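Please read these points with the structure open beside you. They start from single residues and then turn to how the chains meet.

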There are 2 protein chains.
Amino acid sequence: MGARADALAAAAAVDESRLWSRQMAMAEIGATAKGGVNRAALSDEDRRARRLMLEWAGDLGFEVATDDIANLYIRRPGRQADAAPVVTGSHLDSQPRGGKFDGAYGVIGGFEALEAITQAGIETARPIDVVAWTNEEGGRFQPGAMGSAVFAGVMRLEDQLGLVDSEGVTLEDALAETLASTPGLPRRPLGHPFAAYVEAHIEQGPRLENEGLTIGAVTGIQGIYWFTVEVNGAEAHAGTTPLRTRRDALKAAVAMVTALEELMADESDTVRFTVGRFECHPGSPATVPGHAFFTIDFRHPDPDLIARISAQIAPTCEAHARGCTVTVRPIMEIPPLVFDPTLIDMVEGYAARLGHPVMRMPSGAGHDAGHINHLCPTGMIFVPCERGVSHNEAENATPADLAAGARTLAACLVDLANQE
Amino acid sequence: MGARADALAAAAAVDESRLWSRQMAMAEIGATAKGGVNRAALSDEDRRARRLMLEWAGDLGFEVATDDIANLYIRRPGRQADAAPVVTGSHLDSQPRGGKFDGAYGVIGGFEALEAITQAGIETARPIDVVAWTNEEGGRFQPGAMGSAVFAGVMRLEDQLGLVDSEGVTLEDALAETLASTPGLPRRPLGHPFAAYVEAHIEQGPRLENEGLTIGAVTGIQGIYWFTVEVNGAEAHAGTTPLRTRRDALKAAVAMVTALEELMADESDTVRFTVGRFECHPGSPATVPGHAFFTIDFRHPDPDLIARISAQIAPTCEAHARGCTVTVRPIMEIPPLVFDPTLIDMVEGYAARLGHPVMRMPSGAGHDAGHINHLCPTGMIFVPCERGVSHNEAENATPADLAAGARTLAACLVDLANQE
């Protein structure tokens, strides 16, 4: 068979019900009463999830390994034992009241691809690895995406060891306990070479569902920029102070948000502009607020547009200060990143060949793939999730969509693992 | 002498420095480090303030009395012992971080008028009383203006006795302790007849100062209307959810406040429109708020304008709901009241005759006079306070302005006390 034929054969061997039962088995670990999952990074639940993956890997005779931050690797060997692997995966930890699919799908869908390739009797030149990155959510130890960041050299493990969770447990202790719970696993070096990386994930937004599509060929991860805006006016008596003499921090902040909405207006509906926190003080109905505070979360895939709009944020707020003082502070700047064009084409191409309606789209959320993109050609595959709901116990996806994603993934992995 | 000549002679006997020293002596009771006053109703400090008034009254041989809610009366008798008195006064309690003049000026300025009338050797037909109303501020036991409300029959004392302060002390106990602290005082019946009532007070707003005037002839108390607005949308991921599919409670609330500003726009700057509380939930920068809440404080002296604007508040909010549900609830409705035209004219006339620049103006804040207006012809005299600051330790007023108010008050009291 040719490489493409092998890829399509692997995709055909993906078993929707087997994938779904593994998702459901994993969802029992840390299951919440409302149908979600609470599986904090490096917790007992996380360790049980890892052992379940190792058990499945053992059943199929795959090789297993870990590294110093407890990223977990499951390998289907290739003909070239020493070649850099093609890697897929995501994470097994969840938000405190998270869903069954965010992260877990990327690991279990990757495992399903490995089993399908095996069942289809396909040999690949390179090994194919499934990785479960440690602490993607950052719910227990901040920041998130830590396992992939440390792997990619974006942050240093030794700088994270002193982190303490809300119960006073250090990352160092939680990590040691987790590594000890899978004794005998060989340790791979952090940053060992990957030939390519493809991550499957639920979209966490409503676009695929709204457009009746099954696969998103992810073009990159949009830039994420956070600002805080602090407005200081003067407290005054609501009954006695004429409006013209007020320096009303609340009304100034309202005018700023209104003006920012105009600044961010976008016919294509690509700009993401959110004011998630908005406060005023002293917060008494009969007192003109002397202080207001709000946050800006602004995201877009295009660095030029980001630069242009970002530069206008402070002047826009100042133009609507209404006699108050205003301080705009950038507090987070994550530039947009673009995935490997060959991988975007490949995901789009195999999805189409497999009969799955597909579109190119940027990722609105951050992912481990964002860090791995620094190391090797990287791509992502999105599948729809119900009403776009994620980071929520109500998170849902259909067995058919998850299988479509795993088929597309299996095809890409075989194709990549047979490349030089 | 004629009645007007007596009135002007009484005014001339007002002693600016005596009035100021009494203000300063009173301000020592409950003095705060920042130059303000913390004198909660029915507290030890309140009792010390009452005893100081009684001491001064004793020095001048005035009659003293109280009633069942511990309103305190100081009487300069008239020729007709049984005639209904002309009454002035205000309150001795303060906000927790209040100023030296809010309330205390009306009591001490009234007392200064009594002493000036005495010094000028003027006899009046009716008695003239100074009253210190219990619990005007409502800082410890809500609602405020309780002493005057109970006196006027607007609320019943027995319904208030069970109120508990933040330390668990009941109003009943605090009241009993206060009444016991001034043993032997005769008790007057609640609601006993007044011939007229004139209250002097700092403006608590900046209008007199801004216009370079000394006396406000208060025309009434503007209506005070409170509404709450609750907005429910849907929480969503700030990175993945297109703006068109959001139901963003924060942005809807911002659009409502903006539209309400247009609704309340008033060239004459008489409308008071304040959003003092504004909240959104869950309050995370990366989550589209699913819930927002704000308060509306709307005040105006004209009942027709109030009715017209109030009727537009809910429709205006609904027109800007942006797919969210919105609930507008009226939670307080205090209709505007108009003081006695004769008393407004009298205050304005005497201020002018005494050479004090004067204007007619409504009161932006509520006062004990609002309740007493139901019982007898009522008026108020405003004097400027620095930058309009009140309910604040920085509250300030000049000795000359306070004296001008006391002169105008003394003249009115003499005039009224010689009327049938």
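1. E115(A) touches R18(A), R22(A), L60(A) and F62(A), leaving out residues up to four places away in sequence. Touching, or contact, means heavy atoms within 4.5 Å. E115(A) sits in helix α4 of chain A, residues 104-119; helices (H or I, at least four residues) and strands (E, at least two) are DSSP runs, numbered from the N terminus. E115(A) is buried, with a relative accessible area of 10%. Buried means under 20% relative accessible area, exposed over 50%, and partly exposed in between (1.4 Å probe, protein chains only).

2. This is a predicted model, in which local features need pLDDT of at least 70 and side-chain atom pairs count only at pLDDT 80 or more, while totals for chains, interfaces and linings use all residues. Residues are numbered from 1 along each chain as its sequence is written, chains are lettered from A and ligands numbered from 1 in the order in which they are written, and side-chain values use heavy atoms, with hydrogens and water left out.

3. Is S390(A) buried or exposed? S390(A) is buried, at a relative accessible area of 11%. This residue belongs to the loop between β16 (378-383) and α13 (399-417) of chain A. Apart from neighbours within four places in sequence, S390(A) is in contact with D102(A), I202(A), Q204(A) and E395(A). The side chains of S390(A) and Q204(A) are joined by a polar contact of 2.9 Å. A polar contact is a pair of N or O atoms within 3.5 Å; within protein, one must be able to donate a hydrogen and the other to accept it, and residues adjacent in sequence count only if both atoms are side-chain atoms.

4. Now the interface. In chain B, 51 residues are in contact with 51 residues of chain A. The two chains bury about 4100 Å² between them, 57% of it on carbon and sulfur atoms; buried area is the accessible area (1.4 Å probe) that two parts lose on being put together, summed over both.

5. Between chain B and chain A there are 4 salt bridges, each a side-chain nitrogen of Lys or Arg within 4 Å of a carboxyl oxygen of Asp or Glu. E261(A) and R322(B) form a salt bridge through their side chains (2.9 Å, N to O).

6. All of the interface residues of chain B (100%) are also interface residues in chain A, so the copies meet through the same surface.
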